[in-house]
Amino acid sequence: MSRFEGRTVVITGAGGGIGKGIASRFAAEGARLVLADRSDAVHQAAEELHAVGVQADITVPADVAKLFQAAERVDVLVNNAGIITISRLEELRLEDWERVLRVNTTGTFLCCQAAAARMRTQGGGGRIVNAASGQARQGFIYTPHYAASKFGVVGLTQSLAKELAKDQITVNAYCPGIVGSDMWSYNDREWGRLLGDYKPGELMAEWVAGIPLGRAGSNDDVAALVLFLASDDAAYITGQTINVDGGMFMS
């Protein structure tokens, strides 16, 4: 099946993890891929997937412009890039607060702005899919900046969905739960340190045990939802935020 044959898909945060997993699924379905990441790992990912790789910081407008110039056109934008830090309130530095908001919310805004402009000049129509989080449903301890940034993505998604609907551009968001990745290795270590005397892997195992479907998510679980939202089958869905978390949050 080649749902995305002849379509250009831009994916941020695609140097590894969930972003690369999403890219792999789009590649398998015929998309022309443009991958972006702050890390130079994006070049290897692009080579593996026969894609265009752009090393870019999505918080820098000039880098965002470079990304979309490399893409030339854009039919689908997946704003997957995101970062997290974990800290007690009294130890949370302003620079960490601002950096998380810049990447997760401002970077998403800048890429939406650039993609929408391209889609409109192409004659309208397109898909924008934004990464939110389970913390866009319920903020968790020691991450007020991350929770704020992801709640912000949901508001951004809803507002842009209303504005871009007349151009037949849909805007939706996805909320991954626990997914095996470098980010979750960090989460396990730092939350485990602050919440109690957990050994590596113990806290995540405890949380996974509480997921109704009984397992952590995979890159493919997230990618399946993203590809659906980017497909023609989702043409009448916009302004929505959908959980992909095994039932961890039911709202």
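Two strands pair if DSSP finds at least two bridges between them. Helices (H or I, at least four residues) and strands (E, at least two) are themselves DSSP runs, numbered from the N terminus. By that rule, strand β5 (residues 126-131) and β6 pair in the parallel sense, over 6 bridges.

This is a predicted model: local features need pLDDT of at least 70, side-chain atom pairs count only at pLDDT 80 or more, and totals for chains, interfaces and linings use all residues. Residues are numbered from 1 along each chain as its sequence is written, and side-chain values use heavy atoms, with hydrogens and water left out.

β5, helix α5 (residues 144-164) and β6 make a right-handed β-α-β unit. Right-handed means that, with the strands pointing away from the viewer, the path from the first strand over the helix to the second runs clockwise.

How many residues of strand β6 are buried? The count is 8 of the 8 (residues 169-176), so the strand is largely enclosed by the rest of the structure. Buried means under 20% relative accessible area, exposed over 50%, and partly exposed in between (1.4 Å probe, protein chains only). Both faces of β6 are covered. Ile-169, Val-171, Ala-173 and Cys-175 are buried on one side. Thr-170, Asn-172, Tyr-174 and Pro-176 are buried on the other.

## The nonpolar core

Tyr-174 also belongs to the largest nonpolar core, which has 30 residues. Such a core is a set of buried Ala, Val, Leu, Ile, Met, Phe, Trp, Tyr and Cys residues joined through side-chain atoms within 4.5 Å. The members that touch the most others are Ile-11, Ile-22, Phe-26, Leu-33, Leu-35, Val-78 and Tyr-174. β1, α1, β2, α2 (41-49), β4 (76-79), β5 and α8 (219-230) each supply at least two residues of this core. Which element gives the most to this core? It is α8, with 7 residues.

## Salt bridges

The structure holds 13 salt bridges. Each is a side-chain nitrogen of Lys or Arg within 4 Å of a carboxyl oxygen of Asp or Glu. Among them are these:

| Glu-29 | Arg-3 | 2.7 Å |

Salt bridges that share partners join Arg-38, Asp-57 and Arg-99 into one network.

Glu-29 forms its salt bridge with Arg-3. This pair links distant parts of the chain, 26 residues apart. Glu-29 sits in the loop between α1 (17-28) and β2 (32-37), and Arg-3 in the segment before β1 (8-12). Glu-29 counts as buried, at 7% relative accessibility. Arg-3 counts as partly exposed, at 24%.

Asp-57 counts as buried, at 15% relative accessibility.

In the remaining pair of the table, Arg-93 counts as partly exposed at 44% relative accessibility. Glu-95 is partly exposed, also at 44%.

## Loops on either side of α5

The loop between β5 and α5 holds Ile-141. This residue is partly exposed, with a relative accessible area of 38%. Phe-140, Ile-141 and Leu-195 form a nonpolar patch on the surface, with about 220 Å² of accessible area together. Patches are made of residues with over 30% relative accessible area and no salt bridge; like charges are joined within 9 Å, nonpolar side chains (Val, Leu, Ile, Met, Phe, Trp, Tyr) within 5 Å. Accessible areas come from the Shrake-Rupley method with a 1.4 Å probe; for residues, only the protein chains shown count as cover.

Backbone angles come next. Most residues other than glycine have a negative phi. Tyr-142 has a positive phi of about 70°. Tyr-142 lies in the loop between β5 and α5 and counts as buried, at 18% relative accessibility. Gln-168 also has a positive phi, near 60°. Gln-168 is in the loop between α5 and β6. Is Gln-168 buried or exposed? Gln-168 is exposed, with a relative accessible area of 57%.
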